[in-house]
Amino acid sequence: MSIVGTGNFFGSPEEERDRLVQALQGGKRQTTKPAEIPTVRLNDGNKIPQLGFGVFKVDPAETERVVSEALEAGYRHIDTAAFYNNEEGVGRAIAASGIPREELFVTTKLWPTRFDDAEAGFNESLEKLGMEYVDLFLLHWPAPRNNNFVQAWKVLEQLGERARSIGVCNFLPEHLRQLIDETTIVPAVNQFELHPALQQRDIQEASKAAGIAIESWGPLGQGKYDLSKEAPIAAAARSHGKTLAQVVIRWHLQHGFIVFPKTVNPERMRENLDVLDFELTAEEMVAIDNLERGARGGSHPNDIN
Ligand code: NAD
């Protein structure tokens, strides 16, 4: 239910209660209740909110404000990385929010230059976040030329309760195969570039076959192509009375992908969360699936070493 822009109010008792809560919060507008956000059960038994908030390229000086606004909008899953240089701001916003730690899901990532001293890299991230544990710790790229992701993974396997779940990013099927063959714990997630124009179905299939949940990065295509020119997205937006971004986020959710679009704009934060009250039809899903054209916006996984 959206409570943005309500004027005179003659709603149900629940809506009336929400209105009073909103008034008591000093007019803070939460469009989506965190409890409404669906969760995905990972292969280690842990649950992750399927819709979260990413902070790639959020200026470190702005991160505390941006993440505070995201938490206020209703996000409870934040995706950061050591490489983003903004873990401190994420941690400060979370500490200031007063939200119990167990109600939040925090992901951070280890950059390949730290694969040879993975535990020290992990400890630095925890320290910057000001946390005793993260919910998900990821190897950021396979960096196959360095030939040390297996060694780093073995360190992640030993982190225990300090990294509640562990996973990888940007792993191609051959990297997943090698990791699974040579180590004990199957990654909980594989996070890779995934949006209508680049769906990487081979990686999807290899991940699913191994029981690894899929996280989509760059879910809106990072603004690198104009969603209004993608006819099936524009048509679905018109027919559901939703925005282009909302249609694309909904497409990810209906595919079962975990998704955390990024924006520094509070209105868009709420817009991107307000996707739980409509459903794309099977035909609309297929039409958006057919936008696949191999349009990679970021780096190829073999090229970051
Ligand atoms: P994204 O697809 O989320 O796109 C972000 C862009 O979309 C921004 O420029 C923003 O202005 C615009 N946008 C957001 N909401 C909008 C709306 N409602 N309407 C119009 N435009 C809107 O790209 P991303 O930030 O690269 O990806 C999301 C997250 O994925 C990142 O923040 C990060 O957490 C993660 N990520 C991970 C990796 C990796 O290698 N593991 C790489 C890139 C990103």
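This is a predicted model: local features need pLDDT of at least 70, side-chain atom pairs count only at pLDDT 80 or more; totals for chains, interfaces and linings use all residues.
Close-up 1. The ligand is surrounded by 24 residues. Gly54, Phe56, Leu220, Ala245 and Lys262 are the closest. By type, the shell holds nine nonpolar, 11 polar and four charged residues. Which helix gives the most to this shell? Helix α10, residues 266-273, supplies three residues.

**Close-up 2. Helix α10 and its packing partners.** The helix that gives the most to the ligand shell also has buried residues. These are Met269, Arg270, Glu271, Asn272 and Leu273. What do the buried residues of α10 pack against? They meet two helical elements: α2 (60-73) and α9 (244-255).

**Close-up 3. The largest nonpolar core.** In soluble globular proteins, nonpolar side chains tend to be buried together. Here, the largest nonpolar core contains 76 residues. Val67, Ala70, Leu110, Phe137, Leu139 and Ala152 have the most contacts inside this core. Take Val67 as an example. Setting aside neighbours within four places in sequence, Val67 is in contact with Val55, Ile78, Gly89, Val90 and Ala93.

**Close-up 4. Trp153 in helix α5.** Helix α5 spans residues 149-156, and Trp153 sits in it. Is Trp153 buried or exposed? Trp153 counts as buried because 22 C-beta neighbours lie inside 10 Å; the cut-off for buried is 20 or more. Beyond its neighbours within four places in sequence, Trp153 is in contact with Leu139, Leu179 and Thr183. Leu139 is also among the residues with the most contacts inside the largest nonpolar core. Now look at Val168. Along the chain, Trp153 and Val168 are 15 residues apart. Their C-alpha atoms are separated by 9.0 Å.

**Close-up 5. Strand β9, enclosed by the rest of the structure.** Why is β9 (residues 213-217) described as largely enclosed? Five of its five residues are buried, so the rest of the structure largely encloses the strand. Ala213, Glu215 and Trp217 point one way from β9. Ile214 and Ser216 point the other way. Both sets are buried.

**Close-up 6. The strands paired with β9.** Strand β8 (residues 189-193) runs parallel to β9, and five bridges join the two. Within this pair, Gln191 stands opposite Glu215. Between β8 and β9, the chain passes through helix α7 (residues 201-209), making a right-handed β-α-β crossover. Strand β10 (residues 258-259) also pairs with β9 in the parallel sense, over two bridges. Which residue of β10 is the bridge partner of Glu215? That partner is Ile258.

Conventions:
Residues are numbered from 1 along each chain as its sequence is written. A nonpolar core is a set of buried Ala, Val, Leu, Ile, Met, Phe, Trp, Tyr and Cys residues joined through C-beta atoms within 7 Å. A residue is buried if 20 or more other C-beta atoms lie within 10 Å of its own, exposed if 12 or fewer, and partly exposed in between; C-beta atoms are placed from the backbone. Two residues are in contact if their C-beta atoms, placed from the backbone, lie within 7 Å. A residue is near a molecule or strand if its C-beta atom, placed from the backbone, lies within 6 Å of it. Helices (H or I, at least four residues) and strands (E, at least two) are DSSP runs, numbered from the N terminus. Ala, Val, Leu, Ile, Met, Phe, Trp, Tyr, Cys and Pro count as nonpolar, Asp, Glu, Lys and Arg as charged, and the others, Gly among them, as polar. Two strands pair if DSSP finds at least two bridges between them. A crossover is right-handed if, with the strands pointing away from the viewer, the path from the first strand over the helix to the second runs clockwise.
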